[in-house]
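Please keep the sequence and the model in view while reading.

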Amino acid sequence: MAAVSIPPPQPNATKYKVALLQLPVSPRKEENIARARARLDAAAAAGATLVEIWNCPYSMETLPSHGEDIDGGASPSVSMLSEVAARRRITIVGGSIPERSSGRLFNTCCVIGPDGQIKAKHRKLHLFEIDIPGDITLRESDTFTAGQEPTIVDTDVGRIGIGICHDIRFPELAMLYRSREVTSHGFWKTGAHLICYPSAFNMSTGQLLWDLMQKSRAVDNQLFVVTCSPARDPNAESDYMIWGHSSLIGPFGEVITAAGHEEATVIGEIDRSMIQTIRENLPLEMQRRDDLYQLVDVRRESSGHETCAA
């Protein structure tokens with residue numbers, strides 16, 4: 001008797017709440033973890049079923065000392081996220097965490113499911129380098145190793161794509177998340193309705209590009225974009241000052257909810273049915289000129305599937 005493919009379960013509701021935890025981050029890891037646990041519990045109690053946080057200080061000098069072995073189980077940050085996710089039955093986008101693996105350091109975001117298990121792990125793909133004389137100079141490649149895989153994952157609230165900070169500057173990645181179909185139990189399903197970007201833009205790039213990048217990714221791909229930043233610390237010893245302004249952006253570029261630069265938890269509602277309506281009313285996919293340009297998903301192509309056209 002031939003095996004029968006069973007489609008994976010679909011999200012129960014089209015609407016859900018997402019909480020953005022914009023937390024102050026100190027060099028004391030235990031303090032950061034305790035604060036994040038308390039804020040996660042409060043967000044879950046307020047009805048959030050998807051929670052995004054940022055929970056490590058952003059300093060090239062100190063990041064290596066905060067490295068955690070996620071695959072080896074020696075990660076106090078991920079252990080806390082897993083405990084809260086399972087106890088509260090929520091999905092947590094926990095990013096980012098400096099991950100130490102095979103002698104290298106990655107900037108990593110983990111997606112934890114309501115069972116407390118890691119559903120996906122995204123390693124930052126695009127490393128940030130900037131040199132503005134008299135303002136800021138930074139080379140992440142001196143500290144981090146770049147990831148090699150885009151990350152799109154099925155969660156209890158639907159399919160989401162993951163990027164970290166500078167990943168948002170590259171529209172091709174968001175286009176891939178919008179267009180990629182993933183096989184599960186023998187079925188092909190459509191792309192992401194939401195992209196999460198835990199981020200730590202600085203004062204210069206934040207003022208110029210933060211709102212623009214989020215709205216561009218959302219409008220171009222007709223989906224939701226959520227960003228979560230640390231809170232700004234005006235007394236921080238690091239020269240890298242955080243912009244803040246964690247936000248949830250809708251498919252038309254509308255700001256659904258946003259924080260300022262101080263410590264805050266903001267909660268907004270995502271309605272996945274909006275995406276279908278918007279795409280039916282403004283069918284960009286049907287209007288693309290595939291005879292002139294295409295987005296090539298090299299992972300799908302190498303696995304024998306058709307090129308994913310954008």
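Strand 3 (residues 91-101) pairs with strand 4 in the antiparallel sense over nine bridges. The model is predicted, so local features need pLDDT of at least 70 and side-chain atom pairs count only at pLDDT 80 or more, while totals for chains, interfaces and linings use all residues. Residues are numbered from 1 along each chain as its sequence is written, and side-chain values use heavy atoms, with hydrogens and water left out.

Strands here are DSSP runs of E with at least two residues, and helices are runs of H or I with at least four, numbered from the N terminus. Two strands pair if DSSP finds at least two bridges between them.

Strand 4 (residues 104-112) is mostly covered, with eight of its nine residues buried, that is, under 20% relative accessible area with a 1.4 Å probe and protein chains only. Ser101 stands opposite Arg104 in strand 4. Strand 4 also pairs with strand 5 (residues 118-123), again in the antiparallel sense, over five bridges. There, Val111 has Ala120 of strand 5 as its bridge partner. The two hairpins each contain a residue with a positive phi, as tabulated below.

| Hairpin | Residues between the strands | Residue with positive phi |
|---|---|---|
| Strand 3 and strand 4 | two residues | Ser102, near 50° |
| Strand 4 and strand 5 | five residues | Gly116, near 85° |

Ile160 stands opposite Leu194 in strand 12.

**The helix pair**

Helix 1 (residues 29-45) packs with helix 2 (residues 76-88) at an angle of about 20°, their axes being 10 Å apart. Helix 1 is therefore roughly parallel to helix 2, a term for angles under 35 degrees. Axes are lines fitted to C-alpha atoms, for helices over the stretch in contact, and angles run from 0 to 180 degrees between N-to-C directions. The contact (heavy atoms within 4.5 Å) involves residues including Ile33, Ala36 and Leu40 of helix 1 and Met80, Leu81 and Val84 of helix 2. By class, this contact has nine nonpolar, one polar and six charged residues. Ala, Val, Leu, Ile, Met, Phe, Trp, Tyr, Cys and Pro count as nonpolar, Asp, Glu, Lys and Arg as charged, and the others, Gly among them, as polar.

Methods
Parallel < 35°, antiparallel > 145°, perpendicular 65-115°, else oblique. Buried < 20%, exposed > 50% of the residue type's maximum accessible area, 1.4 Å probe, protein only.
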